[in-house]
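Subject: Structure handover

Hello,

Here is the structure I said I would pass on. My notes on the strands, the helices and a few single residues follow below it.

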Amino acid sequence: MEFYLLRSAACLGAFILFYKLFLEKENMHTFKRFYLLGALVLSIIIPLITFVSYTSLTGNTDPAIISDLNEVNSDYYMFLLEKLPVILSYIYIIGIAIFGFRFTKNLITILLKIKRNPKLKLASYIQVLLQDKIMPHTFFNYIFLNKSKHEAQEIPPEVMLHEQTHAQQKHSIDILFIEILQILFWFNPLIYVIKHSIKLNHEFLADEAVLSKGIESNHY
């Protein structure tokens, strides 16, 4: 298990390095979205592919020397082979429990906000009106808005279009996917790097949709 996690991290690192060097500054946000998601999927699959090779052992090593070495290092190897993997496994499981609890708590919070607050159902979106002073944000086809600002029509139409794009392009699926992977690979800092890149690219996609409607970039 430990070797799989290390190989997976190495694969993800290679994909992220390529992205940072050649793709991050390019203006092809749809392609970058699927590249980043594909990098995550391939980083999970590639380490599962094994290549078997056979080698023959030759040599005339003195059995007495081998015996002496084994006796000297037996305690050290016993710790590495038996104790250390158990300790690392417990740490890994504790990390999964912590991140899994946080993910579940956040998800329940969102669902309760949807259930307990007034909603306006439009053609393709549902606006959830909250008393909290929040910035507009989206979860699937739910757009969360501050109730007072919405009723006073203080939310600019380009901001609404931005959030509608998040809903239309199903960006929440990407976020849920990376959040689940973050539970499993919480120890890998590269998960947080690619998570940031995915979220940032979502913003570029939404901005691109707004500007395509003829809204001036300086005004936006």
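His137 has its bridge partner in β4, namely Phe144. This belongs to the pairing of strand β3 (residues 137-139) with β4, which is antiparallel and consists of three bridges. Please keep in mind that this is a predicted model.

The two strands form a hairpin with two residues between them, and Phe140 in that hairpin has a positive phi near 55°. Phe140 is in the loop between β3 and β4, and its positive phi occurs in a residue other than glycine. Most residues other than glycine have a negative phi. Phe140 counts as partly exposed because its relative accessibility is 27%, and the range for that class lies between 20% and 50%.

On the other pairing of β4: strand β2 (residues 126-130) runs parallel to β4, with five bridges between them. Leu130 is bridged to Asn146 of β4. Strand β4 itself (residues 142-146) is mostly covered, with four of its five residues buried.

The strands belong to an open sheet of four, in the order β1-β2-β4-β3, and the pairing is mixed. β1 (119-121) and β3 are the edge strands, each pairing on one side only. On average, neighbouring strands in the sheet are turned by 25° against each other, direction ignored. β1 is joined to β2 by three bridges in the antiparallel sense, and Lys119 is opposite Val128 in β2. Helix α5 packs on this sheet and touches β2, β3 and β4, its direction making about 20° with that of β3.

Next, the helix pairs. Two packed helices are described by the angle between their axes and the distance between the axes.

How are helix α6 (residues 171-184) and helix α7 (residues 189-211) packed? Their angle is about 175° and their axes are 10 Å apart. The two are therefore roughly antiparallel to each other, as the cut-off for that term is over 145 degrees. From α6, the contact takes in His171, Asp174, Ile175, Ile178, Glu179, Leu181 and Gln182. From α7, the residues are Ile191, Tyr192, Ile194, Lys195, Ile198, Lys199, His202 and Leu205. By class, eight residues of this contact are nonpolar, three polar and four charged.

α7 also packs with helix α1 (residues 2-23): the two axes come within 10 Å and cross at roughly 35°. The crossing of α1 with α7 is left-handed. On the α1 side the contact is made by Ala9, Leu12, Gly13, Ile16, Tyr19 and Lys20, and on the α7 side by Leu190, Ile191, Val193, Ile194 and Ser197. Eight residues of the contact of α1 with α7 are nonpolar, two polar and one charged.

- Lys170 lies in the loop between α5 (157-168) and α6. Lys170 is not glycine, and its phi is positive, near 60°. Its relative accessibility of 40% is why Lys170 counts as partly exposed.
- Gly100 is in helix α3 (residues 63-116). With a relative accessibility of 15%, Gly100 counts as buried, as the limit for that class is under 20%. Gly100 and Ile183 are 83 residues apart in sequence, and their C-alpha atoms are 5.7 Å apart in space.

Regards

Conventions
Residues numbered from 1 in each chain as written. Predicted model: local features only at pLDDT ≥ 70, side-chain atom pairs only at ≥ 80, totals over all residues. Heavy atoms only, no water. Buried < 20%, exposed > 50% of the residue type's maximum accessible area, 1.4 Å probe, protein only. Pairing = 2+ DSSP bridges. Axes fitted to C-alpha atoms, helices over the stretch in contact; angles between N-to-C directions. Parallel < 35°, antiparallel > 145°, perpendicular 65-115°, else oblique. Contact = heavy atoms within 4.5 Å. Nonpolar A, V, L, I, M, F, W, Y, C, P; charged D, E, K, R; others polar. Left-handed = near helix turned anticlockwise from the far one by under 90°.
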